[in-house]
Amino acid sequence: MLNRLEARREKFIFAYDGSITSVSIGKIEYLKYFDREVVARLCDGSYEKTRETLKNVLENDHKKMFLQISRDVAVNLLWIQECRKGYVRMKASQRSFKISVRRKKYVEDTYLKYLRDRVIENWK
């Protein structure tokens with residue numbers, strides 16, 4: 001898994017209305033697909049947009065830091081505060097997202113593995 005320092009080096013490119021912005025993966029709290037756009041909510045409260053599908057954006061997540069929890073939402077593992085009872089709550093925004101029933105076990109297992117890997121990484 002990617003640590004916070006490495007996440008700052010990895011970038012997503014957002015192109016929207018003639019503007020191109022490069023954003024560190026570590027600064028993106030979550031991605032939400034809405035109205036044929038992917039909106040990235042950054043940890044500082046700002047937003048970036050692109051007219052791509054969520055699937056296309058996630059294909060550029062080579063370090064697998066984003067966890068797709070429903071058809072239209074992917075959350076950054078770095079910014080999850082809590083995962084329980086079918087919901088994920090984010091640290092910066094305190095926003096909660098419902099995990100789709102179909103993805104619930106996968107999301108819980110992936111997040112648990114991520115937490116275990118971080119504990120081991122910090123322990124070394």
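Tyrosine 111 and tyrosine 114 both sit in helix α3 (residues 104-123), and because they are three residues apart, about one helical turn separates them. Helices here are DSSP runs of H or I with at least four residues, strands are runs of E with at least two, and both are numbered from the N terminus.

Both side chains are tucked away: tyrosine 111 is buried at 10% relative accessibility, and tyrosine 114 is buried at 1%. Buried means under 20% relative accessible area, exposed means over 50%, and partly exposed is in between (1.4 Å probe, protein chains only).

## What this rests on

This is a predicted model, where local features need pLDDT of at least 70 and side-chain atom pairs count only at pLDDT 80 or more, while totals for chains, interfaces and linings use all residues. Residues are numbered from 1 along each chain as its sequence is written, and side-chain values use heavy atoms, leaving out hydrogens and water.

## Aromatic pairs

Searching the whole structure turns up four aromatic pairs. Rings of Phe, Tyr and Trp (its six-membered ring) pair if their centres lie within 6.5 Å; planes under 30 degrees apart are stacked, over 60 edge-to-face, and the rest tilted.

Take tyrosine 30 and phenylalanine 97: the ring centres are 4.7 Å apart and the planes are at 70 degrees, so this pair is edge-to-face. It links distant parts of the chain, 67 residues apart, with tyrosine 30 in strand β3 (residues 28-34) and phenylalanine 97 in strand β10 (residues 96-98). Tyrosine 30 is buried at 4% relative accessible area, and phenylalanine 97 is buried at 5%.

## A phenylalanine cluster

Phe12, Phe14 and Phe66 make up one aromatic cluster.
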